[in-house]
Amino acid sequence: MAFIEVSNMKKSYGSLDVLKQISFDVNKNDVVAVIGPSGSGKSTMLRSLVHLEEVNGGSIRVADDYLVKDGVYSRPQEIKQITLRMGMVFQHFNLFPHLTVKENLELAPRLLKKESAAEIKNRSTDLLAKVGLLDRANAYPANLSGGQKQRVAIARALMMNPEIMLFDEPTSALDPELTGEVLQVMKHLAQEHMTMIVVTHEMGFAKEVANRVMFMDNGEIIESGHPTELFNNPQFDRTKAFLNRQ
Ligand code: ADP
Ligand code: MG
């Protein structure tokens, strides 16, 4: 059974159909790269998985539980439990500016009150070491580079021990010389078999790290396949046209 199963997911804003009955599966350990032109619905798709958007139809199953089934959402407490299994990283970091790096990492686990302060502190130390920012633990976001901010955002998402990480164009707001350090952290996560969905314009990363690439256009998944297959032998004119523009 797939870890995540999306079926006939539909989302509209007024008369604008942003997601047109899309269906896809994500298995444990998959690294799925999502590519496609601006406005094709990539962010809406990702945000719907973590209930930052509500869909207008279809189903989203995560492991044994439905976030939404045939357009009907589960109860708030169930939705919370489901979304806690997923970590999300945004293009614009979304760090809390008034908290230090360490406090950004520790806030959500502390509010959840499931672990002791010592356990939380140990994990934040480990994760900051993992993303190479232990020496910046007491800095404020304003004093970090974009690449450092995004590495903090990744560590913060990992604090909740997610079973899947969702990335929405994590390097698109960064200067080119800073994208490498963020992609490197993501690559390490993939090597540790983290399940990931990554919306990205970084075709090199998609080719090297993803085991599946999904091409979206105009609210639909046009095609999806192994990177070598999709990049070297795209089946649809829309995919070919998009890849030729990259
Ligand atoms: P992508 O991430 O692929 O660029 P989005 O998911 O952000 O695409 O947007 C898909 C479409 O939905 C776009 O046409 C966008 O303008 C529209 N859209 C996104 N959010 C809203 C909103 N809150 N209200 C109205 N339209 C929206
Ligand atoms: Mg987007």
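Predicted model: local features only at pLDDT ≥ 70, side-chain atom pairs only at ≥ 80, totals over all residues.
Local features need pLDDT of at least 70 and side-chain atom pairs count only at pLDDT 80 or more, while totals for chains, interfaces and linings use all residues. Residues are numbered from 1 along each chain as written, chains are lettered from A and ligands numbered from 1 in the order written, and side-chain values use heavy atoms, with hydrogens and water left out.

**Stop 1: the domain**

Select residues 4-243, where an unreviewed UniProt entry places "domain: ABC transporter"; such annotations may be inferred rather than shown by experiment. Over this range the chain is 38% helix and 27% strand, with the end C-alpha atoms 27 Å apart. Helices (H or I, at least four residues) and strands (E, at least two) are DSSP runs numbered from the N terminus.

**Stop 2: ligand 1**

Select ligand 1 and the residues with a heavy atom within 4 Å of it: Tyr13, Leu16, Val18, Pro37, Ser38, Gly39, Ser40, Gly41, Lys42, Ser43 and Thr44. By class, this shell has 4 nonpolar, 6 polar and 1 charged residues (Ala, Val, Leu, Ile, Met, Phe, Trp, Tyr, Cys and Pro count as nonpolar, Asp, Glu, Lys and Arg as charged, the others, Gly among them, as polar). Helix 1 gives the most to the shell, with 3 residues.

Next, show the polar contacts (pairs of N or O atoms within 3.5 Å). An oxygen atom of ligand 1 is 2.8 Å from a side-chain N or O atom of Lys42. Polar backbone atoms of Gly41 and Ser40 are also in reach of ligand oxygen, at 3.1 Å for Gly41 and 3.2 Å for Ser40. Alone, ligand 1 exposes 560 Å², of which the protein buries 59% (Shrake-Rupley areas, 1.4 Å probe).

**Stop 3: the second largest pocket**

Hide the ligand; a pocket is an open set of points on a 1 Å grid over the protein atoms alone, where a 1.4 Å probe fits, with protein on both sides within 12 Å along at least five of seven lines, and lining residues have an atom within 4 Å of a point. The second largest pocket has a volume of about 210 Å³, the space filled by probe spheres set on the points. Of its 14 lining residues, Ser38, Gly39, Ser40, Gly41 and Lys42 are closest to the centre. Strand 2 (16-26) and helix 1 (42-49) each give two or more residues to this lining, which has 2 nonpolar, 9 polar and 3 charged residues.

**Stop 4: the largest pocket**

Select Thr83, Met86, Gly87, Met88 and Phe90, which lie nearest the centre of the largest pocket among its 20 lining residues. Its volume is about 620 Å³. The lining has 15 nonpolar, 3 polar and 2 charged residues.

Methods. Polar contact = N/O pair within 3.5 Å; in protein donor to acceptor, adjacent residues only side chain to side chain.
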